[in-house]
Amino acid sequence: ITWTSINDAFANCGGSGMTLGLLLAIFIASKRAEYRDLAKMSFIPGIFNINEPLMFGLPLVLNPIMFIPFILTPMVCVTTAYFATSLGWVPAATVMPPWVTPPIIGGFLATQSFSGAILAAVNLVISIVMYVPFVSLATRQELKKVAEA
């Protein structure tokens with residue numbers, strides 16, 4: 001099991017921090033128009049693992065609320081991918097697709113198997129589930145600030 005292939009295919013969907021899951025979590029859980037507009041603008045680049053619009057637009061940089069899922073989500077996803085590979089459910093990621101390959105396609109190309117694509121989809125769902133509570137919390141805090149002002 002090689003680090004670069006498994007990391008790019010299963011723990012960097014949408015860029016560092018599995019931010020494609022964050023974008024989808026914003027669509028699911030956020031009621032703030034600013035968050036949703038930013039997610040709309042960041043979605044197409046996010047599919048191709050370019051997350052700078054989200055990193056500096058939300059911002060994720062120095063954001064104490066999003067720090068926890070930003071660090072933990074890739075760790076959980078790479079651990080899931082490691083165990084799925086070591087248990088033989090998914091072939092080892094031996095091919096290194098270009099870093100801009102969309103997530104599910106990247107999982108397929110890295111493993112040369114549809115089970116790799118399924119694992120990438122499962123990791124994407126894991127990332128959404130991990131980000132939703134924090135997006136809800138950030139939305140509530142921002143709405144509270146607006147109401148107080």
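C13 lies in the loop that joins α1 (3-10) to α2 (19-29); helices are DSSP runs of H or I with at least four residues, numbered from the N terminus. The model is predicted, with local features requiring pLDDT of at least 70 and side-chain atom pairs pLDDT 80 or more, while totals for chains, interfaces and linings use all residues. Residues are numbered from 1 along each chain as its sequence is written, and side-chain values use heavy atoms, without hydrogens and water.

With a relative accessibility of 1%, C13 counts as buried, a term that means under 20% relative accessible area (1.4 Å probe, protein chains only). Contacts of C13, defined by heavy atoms within 4.5 Å, include M18, T19, L20, N49 and P103 when neighbours within four places in sequence are set aside. The C-alpha atom of C13 is 9.2 Å from that of T101, although 88 residues separate the two along the chain.

In α2, eight of the 11 residues are buried, namely T19, L20, G21, L22, L23, A25, I26 and A29. Their cover includes α3 (33-47), α4 (52-57), α5 (64-86), α6 (103-111) and α7 (114-148).

The largest nonpolar core comprises 20 residues, and L22, I26, L54, L58, L60, M66 and V135 have the most contacts inside it. Such a core is a set of buried Ala, Val, Leu, Ile, Met, Phe, Trp, Tyr and Cys residues joined through side-chain atoms within 4.5 Å. Two or more residues of this core come from each of α2, α3, α4, α5 and α7, and α2 gives the most, with six. Another core, apart from this one, has 12 residues, among them I6, A11, A84 and V90.

Methods
Buried < 20%, exposed > 50% of the residue type's maximum accessible area, 1.4 Å probe, protein only.
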